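Hello,

Here is the structure we talked about. Please open it first, then read the notes below.

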Amino acid sequence: MSFQQDETAGDRELVEAVNTEAGELIRLLRCSHAPDPVLATATEHIRAAMESLTPYLRQGEGWSTVSIASDTPGLGWLEDDLTRCMPYSPVSGARNPVAPPIRMWRDGNEVRGEAIFSPTYAGPPNSVHGGIIAAVFDELLSMANVISGSAGFTGTLTIKYLRHTPLDRPIELWAVNERNSGRKQFSRGEMRVDGQVTASAEGLFIRPASQMDA
Ligand SMILES: CC(C)(COP(=O)(O)OP(=O)(O)OC[C@H]1O[C@@H](n2cnc3c(N)ncnc32)[C@H](O)[C@@H]1OP(=O)(O)O)[C@@H](O)C(=O)NCCC(=O)NCCSC(=O)Cc1ccccc1
């Protein structure tokens, strides 16, 4: 089952735009200290938006179970926008409002990218939460595997937190698949700010045996 087989570019822009707005709403809820009457009005508006969306909720195979991957024909990954192959990803999906703004593109055999983390993703003061950093590496390294031609599930992911990764500043992303061996993919990556590495990761990803047999 597909999301909308005849989806136009305009539809796509609207879906992504409303998710961007919802992400901004989450940031405002996280960061605002509004008085009660303002909160009450905001709650009414949010309920109205929920009521308008609820009739269009699709459930079942091929929709809510589609997870991070796309069931929409034509939404493969692009060299200059790798995130398009996982539009519902909670890490980078343009169709998931909890995802921070992240871009990833192919640079030869490597993945490069950029992310900006608002206080929605804060951990230590003025810094990105360590679990969020791990989640971004999980996807970044997976993308490096994808462009290498072999991808699997995360088996082991090791993160080194070298210094705090700051909020509200462009974070440079980099990853490479170092080698594939049978069902295993070995990849590593870094986050950098002004050229300085704030965190690095190594991952071992494994393609399940059942998929080999298929
Ligand atoms: C598939 C597998 C990881 C491995 O199962 P099987 O195939 O039955 O494994 P089998 O026992 O046949 O051993 C084969 C070889 O592998 C080795 N080895 C095994 N395990 C590990 C290990 N953990 N760590 C290290 N090595 C391990 C084992 O020693 C053996 O080595 P050998 O050949 O003797 O040298 C399974 O445990 C699983 O599904 N786990 C849950 C994964 C999951 O949920 N991940 C999170 C969600 S995915 C995600 O988020 C990423 C994503 C993001 C975006 C987009 C896409 C993806």
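**Ligand site**

In this predicted model, a polar side-chain atom of Arg183 sits 2.6 Å from an oxygen atom of the ligand. Lys184 also places a polar side-chain atom by a ligand oxygen, at 2.8 Å. The side chain of Asp138 has an N or O atom 2.8 Å from an oxygen atom of the ligand.

How much of the ligand does the protein cover? On its own, the ligand has 1,100 Å² of accessible area, and the protein covers 46% of that. Helix H3 (130-148), strand E3 (153-161) and strand E6 (196-206) each give two or more residues to the shell around the ligand. E3 supplies the largest share, with four residues.

The shell has 14 residues. Those that come nearest to the ligand are Asp138, Thr154, Thr156, Arg183 and Lys184. By type, the shell residues divide into six nonpolar, five polar and three charged.

**Aromatic pair**

There is one aromatic pair in the structure. It joins Phe117 and Tyr121, with ring centres 6.2 Å apart. Their planes stand at 75°, over the 60 degrees needed, so the pair is edge-to-face.

Are the two residues buried or exposed? Phe117 has 0% relative accessibility, so Phe117 counts as buried. Tyr121 has 10%, and it counts as buried too. The cut-off for buried is under 20% relative accessible area.

**The chain as a whole**

The protein chain has four helices and six strands. What is their order along the sequence? The pattern reads α-α-β-β-α-β-β-β-β-α.

Of the chain's 214 residues, 35% count as buried. The accessible surface of the protein chain comes to about 12,300 Å². Carbon and sulfur atoms hold 54% of that surface.

Now the contacts in the chain. Take those between residues at least 6 apart in sequence: 58% of them join residues at least 24 apart.

**Where to look**

For the ligand, begin with Arg183, at 2.6 Å from a ligand oxygen. Strand E3, with its four shell residues, comes next. For the aromatic rings, centre the view on Phe117 and Tyr121.

Best wishes

How values were computed: Residues are numbered from 1 along each chain as its sequence is written. This is a predicted model: local features need pLDDT of at least 70, side-chain atom pairs count only at pLDDT 80 or more; totals for chains, interfaces and linings use all residues. Side-chain values use heavy atoms; hydrogens and water are left out. Buried means under 20% relative accessible area, exposed over 50%, partly exposed in between (1.4 Å probe, protein chains only). Contact means heavy atoms within 4.5 Å. Accessible areas come from the Shrake-Rupley method with a 1.4 Å probe; for residues, only the protein chains shown count as cover. A residue is near a molecule or strand if one of its heavy atoms lies within 4 Å of it. A polar contact is a pair of N or O atoms within 3.5 Å; within protein, one must be able to donate a hydrogen and the other to accept it, and residues adjacent in sequence count only if both atoms are side-chain atoms. Ala, Val, Leu, Ile, Met, Phe, Trp, Tyr, Cys and Pro count as nonpolar, Asp, Glu, Lys and Arg as charged, and the others, Gly among them, as polar. Rings of Phe, Tyr and Trp (its six-membered ring) pair if their centres lie within 6.5 Å; planes under 30 degrees apart count as stacked, over 60 as edge-to-face and the rest as tilted.
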